[in-house]
Amino acid sequence: MDHLYTVCVILCLFTTAVAFSETDNAQWRTHMEERMEEMLRMIQRQNEVIEKQTDTIEKQSGEIELLRHRVKTLEERTNNSETSNEKSTDLLTGNATAATSIERELHSEDSKTPFVLRRLAPDDAQNPVAFYAYISHNFGGVGTHQVFLYDTIVTNQGNGYSKHTGAFTAPSTGVYAFCYTAFASGWHVAGETGQYGEVAVQLLHNGAYKGSIYADTETDYDDEMSTGFAILMLQAGDVVLTMSENVGQGSYQSNSHGRWSFSGFQIS
C-alpha cells in the first residue's frame, strides 16, 4: 500500500509539472486525471481486501482460542475419569476382600453367629409361590355356600392349591395376591331351563369374608363376566377359597370364550 501511495504522489507531481509546461494540452490533462482516478480506485480495492483479511484473522484467532479451551476441558475430564477408575478399582478390591472374609466365616466350623445362620437359610426368592387353575367345562345347579372346584391346574408353584378341595393353603407366611373370575351364561349351556345365569361368589380366608363378585344375565345371549382381586396377609397353613353366597340361577360358561378361574401368588 505504501508503494502505491508513493507512485500516486509521483504521478501527481509529474502531472503538475506537465500541466505548467503543457498548459495548452487539455487532452493530456484529461488522460492523466483518468489515470489518477483509476489508481485511487485500485488503492480503495486494496484497502477493502486488507480489511476483509483482518476480519478473517480475528475470527480465526477466536476459533483457535475456543479450541484451546475445549482441549483443556477434555484433558480435565480425562484426568477425572482416570481418578474415578482408580477409586472403582479400590472399591472392587475392597469388596473382594469382604467376600473372602464372608467365605472364610461360612467355612469355619466354630462359626455359629446369627449372620451365618441367615446366610445358610433358604432364599425365599428361589422358592416362589404361585398358582393358577380354571374350571374345564360349562355347568349349572350352583347351591348355597358351594365351594368351586377349579379342576384344571395350569400353575402350582409351591403346591399350595388343591383341585380336590378348590382351596389354596399358604406354604409360608407372607403377603399374597388373589384373583377370581365368574362367567354367567345368557343361554342354557348346561341343560337348565327358565332363568339365565346369575351368581354371587365370595372370597374366604379361613372362613372369613374378604371380598365378592356378582354376575347376572337377563336376556338371551347376554353373557356377563366378573373378576375380583384381593391382597391378603397369610400365615403358613392359612386357607383361601371361593364359595357361592346363595343358590345360583341358570347356567355358567367356562370354555374358550371365558373361564371361571382362581389364581394367586406370594408378593413378599
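Let me begin with a term: a residue is buried under 20% relative accessible area, exposed over 50% and partly exposed in between, with a 1.4 Å probe and protein chains only. This is a predicted model, in which local features need pLDDT of at least 70 and side-chain atom pairs count only at pLDDT 80 or more, while totals for chains, interfaces and linings use all residues. Residues are numbered from 1 along each chain as its sequence is written, and side-chain values use heavy atoms, with hydrogens and water left out.

I turn to the aromatic rings. Rings of Phe, Tyr and Trp (its six-membered ring) pair if their centres lie within 6.5 Å; planes under 30 degrees apart are stacked, over 60 edge-to-face, and the rest tilted. The count by this rule is 15 aromatic pairs. F139 and W260 make an edge-to-face pair, because their ring centres are 5.2 Å apart and their planes stand at 65 degrees. Strands here are DSSP runs of E with at least two residues, and helices are runs of H or I with at least four, numbered from the N terminus. Both F139 and W260 are buried.

W260 also pairs with Y252: the centres are 5.8 Å apart and the planes at 80 degrees, so this pair is edge-to-face as well. Y252 and W260 are both buried. One aromatic cluster is formed by F131, Y150, Y161, F168, Y176, F178 and F262.

Finally, helix α2 (residues 26-107) contains E51, which counts as exposed because its relative accessibility is 52%.
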